Amino acid sequence: MNQWLDERLHISRLNDKFLRKAFPVHHSFFLGEITLFSLIVLILTGVFLALSYEPSTRMVANPTDASQMVPAAYASIIRINWMPFGDMLRRIHHWSANIMVGAAILHMMRIYFTGAFKKPRELNWWIGMLLLVFTIITAVTGYSLPYDNFAKTTLGVVVGIVASIPWIGDWVAQAAFGGKFALDNMAMIPRVYGYHIMLLPAILLGLTAAHMLIMIKQKHTQPQYAKRIAYKKIVGVPLMTQQTPIMIMLALLMTGLIILFAAFIPVHPVEVFGPASNQPVANIKPDWYLLWIFGVLEMIPANAKFTILGGTIGPEFIGGIVIATLVLVLMLAVPIFDKSRENMYYAENPTDFPKRLAAGVAFFTLLIVWSFAGYKNDFQWPVAPFWILTFVGPLVAYFATLGIVRGIKAFRAADERDQAQHAAAADD
Ligand code: HEM
């Protein structure tokens with residue numbers, strides 16, 4: 001059979017090229033794989049959800065109360081909840097999305113703190129960043145689909161941010177969401193559905209394929225132990241057959257964990273929010289990975305507005321577009337700050353690059369401060385401390401990290417001196 005296929009498809013060449021690829025044995029390399037497996041679970045569960053979901057805002061009888069008319073999209077979600085395993089399917093889809101975003105962020109942190117973004121892997125850093133951004137956009141479009149009042153309010157915030165772009169915002173928002181944002185806009189949900197199930201998954205799959213092919217071509221960075229075993233040689237286990245069972249075990253473990261989450265932790269209860277209405281839900285918050293943008297929007301005063309050449313620059317544009325874009329540009333620029341001329345082989349110890357480590361800690365401190373600002377109204381916190389922390393927090397985090405690294409290094413040096421003295425004493 002193998003020979004028959006090989007004579008026609010030359011699969012042995014494929015075997016040499018891809019299936020013999022060596023994978024480093026180190027747990028930190030699992031993060032990219034977990035992200036990939038979550039994407040697969042999302043696509044599989046998404047296909048089944050799409051079979052029963054109705055992307056329409058036409059009014060139909062509410063399945064729970066026939067005297068009330070509700071959007072068909074909302075009614076179809078209630079019917080999915082009633083189907084055998086329907087609610088479970090929604091929950092698995094929801095938790096996989098959270099795990100995908102979380103794993104992608106941790107994966108990105110691993111790449112950053114070990115220097116794996118350096119030459120020649122800059123391209124994969126940029127593709128990875130696009131993957132992260134499109135993953136988050138896909139999640140946001142997913143939230144809109146049940147067309148309950150939460151979805152309608154969220155969609156309103158998103159449309160508001162897009163429409164806040166001076167001069168062209170209104171036009172862009174209407175082109176993207178099929179007309180003006182309104183309860184009776186019949187094109188809005190079908191359009192968001194098209195993005196969520198076709199355009200965005202196609203982009204994610206295309207980018208993932210490019211990400212994987214580049215990674216296979218350039219090979220993984222090698223863990224430090226590989227340097228001691230065989231300098232500048234690839235050390236690891238081949239994809240076929242050693243790495244494959246490890247990956248299958250990891251995928252099963254992860255899926256099991258998601259199913260466990262799904263079994264015990266319910267997700268977005270559409271009935272509690274009710275069908276989309278003209279009365280927005282008060283005090284609504286996005287998911288944890290977008291809380292920082294929400295926090296920034298809360299911190300900027302509502303009257304921070306000015307007009308240039310007929311275009312209005314307002315808080316939504318400053319927070320939702322300008323600051324979010326600056327954060328993104330900063331992350332995209334990471335490989336540009338690095339001036340290495342040699343290709344990098346080995347994952348670096350973060351403490352050997354204290355400034356890079358400190359800059360990363362400062363960056364995440366800033367995002368955490370902004371995320372807390374998202375809870376400002378819930379706890380009646382004043383806004384001033386958040387503005388102070390926006391500038392002071394990252395500085396303190398930066399210098400504290402440098403201090404801690406200096407301490408670790410001094411401790412290590414003392415330890416090495418101790419060991420050398422003991423060895424010398426033993427020789428005597
Ligand atoms: C969101 C979807 C993503 C998926 C499915 C994904 C998947 C993967 C996988 C499976 C690997 C190989 C295993 C590993 O090194 O962990 C990998 C490597 C890599 N990824 Fe990602 N990734 C994603 C996002 C990102 C992000 C956000 C970044 C950074 C901005 C990134 C940058 C890289 C780089 C530079 C490598 C090569 C690492 C090395 O050689 O050590 N990826 N990715």
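Over residues 1-224 the chain is 71% helix and 6% strand. The model is predicted. An unreviewed UniProt entry gives residues 1-224 the annotation "domain: Cytochrome b/b6 N-terminal region profile".

**Ligand shell**

- The ligand is surrounded by 26 residues.
- The closest of these are G32, A104, G128, L131 and T221.
- Four helices each supply at least two residues of the shell: α3 (30-52), α5 (86-113), α6 (122-144) and α9 (188-218).
- Helix α6 gives the most, with 7 residues.
- Sorted by class, the shell has 14 nonpolar residues, 10 polar residues and 2 charged residues.

**Cis peptide bonds**

- Most peptide bonds are trans.
- The bond from K119 to P120 is cis, with omega near 10°.
- P120 sits in the loop between α5 and α6. Both of these helices supply at least two residues of the ligand shell.
- A cis bond also joins M240 and T241, with omega about 5°.
- T241 is found in a helix, α11, which covers residues 239-264.

- Most residues other than glycine have a negative phi.
- Y147 is not a glycine, and its phi is positive, near 45°.
- Y147 lies in the loop between α6 and α7, where α7 covers residues 149-163.
- K232 is not a glycine either, and its phi is positive, at about 60°.
- K232 lies in the loop between α10 (224-229) and β4 (237-238).

- Is Y147 buried or exposed? Y147 has 28 other C-beta atoms within 10 Å. A residue is buried if that count is 20 or more, so Y147 is buried.
- Is K232 buried or exposed? K232 has 10 other C-beta atoms within 10 Å. A residue is exposed if that count is 12 or fewer, so K232 is exposed.
- In short, Y147 is a buried residue in the loop between α6 and α7, whereas K232 is an exposed residue in the loop between α10 and β4.

Conventions
Residues numbered from 1 in each chain as written. Predicted model: local features only at pLDDT ≥ 70, side-chain atom pairs only at ≥ 80, totals over all residues. Near = placed C-beta within 6 Å. Nonpolar A, V, L, I, M, F, W, Y, C, P; charged D, E, K, R; others polar. UniProt positions renumbered as here; feature names shortened; annotations may be inferred.
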